[in-house]
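Please look over the sequence and the model first.

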Amino acid sequence: MIWLTWRQLRLQAVPVAAAVALLLVALAVTGPSLVDAAEDGARSFLTGLSADTFKVTLYYAGIATAYALPLVVGAFWGAPMVARELEARTHRLVWSQSVTRTRWLAFKLLGAAAVTATVAGLLSWALTWWAGPIERAIAAGEGTGPFMVSRIEPALFGARGTVPVAYALLALAFGVLAGLVIRRTVAAMAVTLVLVVATQLLVVSMVRSQLAEPETITTPITEENLVGLMISGDADTIENVMQIQVDTAETGEWELSNLTLDADGERMRTLPAWVADCGGPPPGERAQAGAREACFERLADEGYEQQVTFHPTSSFWTLQWRESALLLVLALGLGGLCFWRIRGDAP
Amino acid sequence: MTTALRTHELGKRYGRSRHWALKDCTLDLPTGRVVGLVGPNGAGKSTLLGLAAGMLVPTAGRIDVLGEAPSSGSEHLARVGFVSQDAPTYRGMSVADHLRLGAHLNPRWDDALVRERIDRLGIDPSRRTGSLSGGQRAQIALTMAIGKRPELLILDEPVAALDPLARREFMQDLMEAVAEQDLTVVLSSHLVSDLERACDYLVVLVDSQVRVAGDLEELLASHRRMTGARRPSDVGPAGHHVVTASHTDRQSTFVVRTGGPLVDPSWDATPLGLEDLVLAYLRGDASYERPRPTVEVVR
Amino acid sequence: MIEFHLDSRSGVSAYLQLVQQVRRALRLGLLSEGDQLPTVKDVARQLAINPNTVLKAYRDLERDGLVAPRPGVGTFVTRTLTDNTLAAHGPLRTDLQRWLSKARRAGLDDESIEALFMTTFRAASEEDIA
């Protein structure tokens, strides 16, 4: 059964594994120089690296591969696993050998899961190691040029740590189940892609931030920490200020919200028009002397404060483990459904 | 006497369909036989065989294969060989790969037997089954089913897609396997001619229901076509079970299952061939008589 | 060794055809004492026929004392049919020819003669069996 599992998986597994292996080689070759460069000159490290086109490309290629891998695994390893047998009716050949369907599925699923976990695990581990110096620099607030995003932020979180492995396994389970239910390879592949992407979006937008208690900082709004404000209306007739954003002393964090509270601690949906002065004059106009300072004073006098909610960079692994565990439980549940489903009719 | 396949009021509906693909099927097929399952397309042959092979789950009734529920574990699977309609194989895999698959997945795999058969078929083991002819693929599927050394071999329309020569070769191989091994075979066909020589037990399935089942010789011996002067009613010769009746203005013709000696001299009785016998049941709407438990095993 | 042939249009059951072919071979001297019949497996394969049918034919011949099985080897001829009947063929043929001309004189054509012969023959055989 192990032989058959490998015989049938290798056609899809080898190209993917080869592509990943190629990336791994590039990472292994360039990785040590990153470590050295980061040790030599921490301050100029990212600036220097930004000029290295190959490494910048590699950095983004790694992220893209990590996000693409679950899709590829789900659509090309998972979906065809049973669907192709059902389509070509070969399930009737293999299920009439002296191996029960349940056992057959167990071997196929576990075999594919082992390969998936190995490939995704190696890839993610290598990426996490390779990008380690870059991410430490970003976490230290040195982010610049193409290297701005902290690894705990949504854009990178799914391409680092254990989460890529969990997504790949979940995608595999989605694929196999879709194949079993839909019984058509191409349709099952399409549905798998939709399901995997939908799960990723759902987790990022609604689930991940809930997996750990975020930190909250409440701070007065000052000239130093103000990074921007959003104005409605045009420059001449400002109706009101929609939003203020401040920066905290925190670096490498995942900011969840940046809200303005009034003196009673209530969230302000909009701010009065005069707050626009805090942002300085519109482009091309001369500043009125003292207008900005007066604005910040008035904000402080009227008791406005800014509340920032975020996951600090130190929460990275907590979030990684919890999200991975959640996805794996989901994958196991889907796997269980596959076993339940395969016991039905096999026309 | 042991039973190869026993069903009791077996029924099958697919999904939420209201149509019964197989209905109220009660059969008792003895071991050591070659059982022919005949019926028009869509009569429920594949459904019955699919249920027997454990590929389908019954909607109603019971089915036992070699005394156990179908595919109730790997040991039971090893005792039953199944070749599905169109003899599916992995088209991208070589013949040798298929044999390897068989050897890996079947504890009782008879490698010598299989190699010898492939040799004799003259098929290059390194060829992909996708490049073989339909007949050769059917032979590979049969070889795999025989190679696992089953006690019962279930073949669903094994020769339907084959040309006459391939048909003949397939049946030759099958009969040789029956002679060599202690093998019970249940095979279906919508053509009686495929089964005529091979089978010694017959089941006729029409409209999802069993019409007649029994030892072939016995069936042939007990059925007669009776012709005589036009009778006023559809009441056939006394004491005989009428299968079909047809009338012209002068003449009445009945196909009957005889209940005793044919003594009435006003009837001209002639025996029926298998083809005519089956046709009579396909046409007639006679109710099916439950199998009587008096079947002698030839082996 | 002899080779069997089956005529699927004859209306005669396969098992009976096998019996008849062995008998004919014995009668014509194609088979004599000690000769081996093809194995059940070989016949089954060659004719694509149910081995039980072959077995049944051989058992019938065995019951008539014409052949005997040697376990593990095969089935062998124990008696021939050449001697006694061949001598009777001549007179019987003359009788039959006489009957045929009688039938023609009575106005029967070939078809009627054949039908009459077959029904009588069948009736007689059935009586014999009964």
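## Chains

The model described here is predicted. Two pairs of chains touch, and the pair formed by chains A and B has the most contacts. Chains A and C, in contrast, do not touch. The nearest C-alpha atoms of chain A and chain C are 25 Å apart.

## Helix packing

Two packed helices are described by the angle between their axes and the distance between the axes.

| Helix pair | Angle between axes | Distance between axes |
|---|---|---|
| α6(B) (residues 164-180) and α2(C) (residues 40-47) | about 160° | 7 Å |
| α5(B) (residues 134-147) and α6(B) | roughly 10° | within 10 Å |
| α8(A) (residues 163-182) and α11(A) (residues 316-342) | roughly 20° | within 8 Å |

On the side of α6(B), the contact is made by B:Arg168, B:Gln172, B:Asp173, B:Met175, B:Glu176, B:Ala179 and B:Glu180. On the side of α2(C), the residues are C:Lys41, C:Ala44, C:Arg45, C:Gln46 and C:Leu47. By class, this contact has six charged, four nonpolar and two polar residues.

From α5(B), the residues B:Gly135, B:Ala138, B:Gln139, B:Leu142 and B:Ile146 take part. They meet B:Ala166, B:Glu169, B:Phe170, B:Asp173, B:Leu174 and B:Ala177 of α6(B). Here the classes are seven nonpolar, two polar and two charged residues. B:Asp173 is listed in the contact of α6(B) with α2(C) and also in that of α6(B) with α5(B).

## The second largest pocket

The volume of the second largest pocket is about 490 Å³. Its lining consists of 22 residues, and those closest to its centre are A:Gln8, A:Leu11, A:Gln12, A:Arg84 and B:Tyr90. Two or more lining residues each come from α1 (2-40), α3 (53-88) and α5 (101-130) of chain A. Which element gives the most to this lining? It is α1(A), with seven residues. By class, the lining has nine nonpolar, seven charged and six polar residues.

## Cavities

There are four cavities of 30 Å³ or more. The largest cavity holds about 70 Å³ of space. Chain A contributes A:Ser96 to the lining of the largest cavity. From chain B come B:Ala52, B:Ala53, B:Pro70, B:Ser71, B:His76, B:Leu77, B:Val80 and B:Phe82. The elements that give two or more residues to this lining are α2 (74-79) and β5 (80-83) of chain B. What classes of residue form the lining of the largest cavity? Six are nonpolar and three are polar, and none is charged.

Methods
Residues numbered from 1 in each chain as written. Chains lettered and ligands numbered in written order. Predicted model: local features only at pLDDT ≥ 70, side-chain atom pairs only at ≥ 80, totals over all residues. Heavy atoms only, no water. Axes fitted to C-alpha atoms, helices over the stretch in contact; angles between N-to-C directions. Helix = DSSP H or I, 4+ residues; strand = E, 2+ residues; numbered from the N terminus. Contact = heavy atoms within 4.5 Å. Nonpolar A, V, L, I, M, F, W, Y, C, P; charged D, E, K, R; others polar. 1 Å grid on protein atoms, 1.4 Å probe; cavity = no way out; pocket = protein on both sides within 12 Å on 5 of 7 lines; lining within 4 Å. Points joined across faces, edges and corners; volume = space filled by probe spheres on them.
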